[in-house]
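Me: I'd like to learn how to read a structure feature by feature. Could you walk me through one?

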Amino acid sequence: TVSAQKSKNSVINVSSLEGLNSAIELGAADVIQLTDDIVLDIGESLTISAGLEAVLDLNGNRIVTSDPSVVPVVVEEGGCLTMFNGTLVYENELGISSDTHAMQATGAELVLSNVDLSGYKTGLRISDNSGTQGKDSAVRLVGCDWTTSGCTMLVYGNGISSAQNTQLIIE
């Protein structure tokens with residue numbers, strides 16, 4: 001359980017998905033820093049919901065999943081995630097391949113810096129919103145090394161013209 005007051009340039013250390021989710025929901029720090037790998041149980045994911053913002057320093061650690069049916073990092077419409085300095089890994093001892101994406105952003109802001117991926121079929125799925133409702137995603141990737149067995153990135157449109165545009169910057 002995390003309970004803290006936010007101060008300027010504060011950093012909170014977490015070592016579990018529960019601690020990470022609590023810190024995000026509470027807005028407990030400017031930066032949330034992992035102190036160890038986080039291994040997601042079946043069905044678990046890190047989800048940044050509407051109105052939430054998080055800066056996550058993986059601190060050289062990994063977020064590991066073995067569930068081929070769950071997207072481990074999801075940024076929902078109106079959510080904002082900056083993640084840096086670590087790796088997202090799909091490992092499955094039974095040899096079940098991953099048909100899922102490592103991350104998904106729909107109408108969200110996502111910045112990844114030096115975040116590597118391995119073991120996934122697809123790295124990132126960016127989904128467009130419908131027509132004039134909602135907003136489209138803004139994604140920036142800097143210094144990321146992604147090894148996937150399929151498509152590294154998928155950008156899905158919905159076929160409806162809208163005033164907003166999905167933004168994708170890769171450096």
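Me: Let's start with a cysteine: is Cys80 buried or exposed?

Reply: Before that, some ground rules: this is a predicted model, where local features need pLDDT of at least 70 and side-chain atom pairs count only at pLDDT 80 or more, while totals for chains, interfaces and linings use all residues. Residues are numbered from 1 along each chain as its sequence is written, and side-chain values use heavy atoms, with hydrogens and water left out. Now the general idea: buried means under 20% relative accessible area, exposed means over 50%, and partly exposed is in between, using a 1.4 Å probe and protein chains only. Cys80 has 18% relative accessibility, so it counts as buried. Cys144 has 25%, so it counts as partly exposed.

Me: How many disulfides does a search of the whole structure find?

Reply: You look for a pair of cysteine sulfur atoms within 2.5 Å. Here the search comes back with 0 disulfides.

Me: How do I read strand pairing, and which strands pair with S8?

Reply: Strands are DSSP runs of E, at least two residues long, numbered from the N terminus. Two of them pair if DSSP finds at least two bridges between them. S8 covers residues 80-90. Strand S5 (residues 53-57) pairs with S8 in the parallel sense over 5 bridges, with Val55 opposite Thr82. Strand S6 (residues 62-65) also runs parallel to S8, joined by 4 bridges, and there Val64 stands opposite Val89. S8 and S10 are parallel too, over 9 bridges, with Gly86 facing Val115.

Me: What about the nonpolar core: how many residues does the largest one have?

Reply: The general idea is that in soluble globular proteins, nonpolar side chains tend to be buried together. A nonpolar core is a set of buried Ala, Val, Leu, Ile, Met, Phe, Trp, Tyr and Cys residues joined through side-chain atoms within 4.5 Å. The largest one here has 39 residues, and those with the most contacts inside it include Leu20, Leu81 and Met103. Strand S10 (residues 109-120) gives the most to this core, with 5 residues. If contact means heavy atoms within 4.5 Å, then Leu20 touches Val14, Ile32, Ile38, Leu46 and Leu56, leaving aside residues up to four places away in sequence.

Me: Where is Val73 found, and what does Val73 touch?

Reply: Val73 sits in strand S7 (residues 73-75). Its relative accessibility is 0%, so Val73 counts as buried. Beyond four places in sequence, its contacts include Leu46, Leu81, Met83 and Met103. The C-alpha atoms of Val73 and Met103 are separated by 4.7 Å, though the two are 30 residues apart along the chain.

Me: Which residues form an aromatic pair?

Reply: Rings of Phe, Tyr and Trp (its six-membered ring) pair if their centres lie within 6.5 Å; planes under 30 degrees apart are stacked, over 60 edge-to-face, and the rest tilted. The count is 1 aromatic pair. Tyr90 and Tyr120 form it, tilted at 50 degrees between the planes and 5.9 Å centre to centre. Tyr90 is in S8 and Tyr120 in S10, 30 residues apart, and both are buried.
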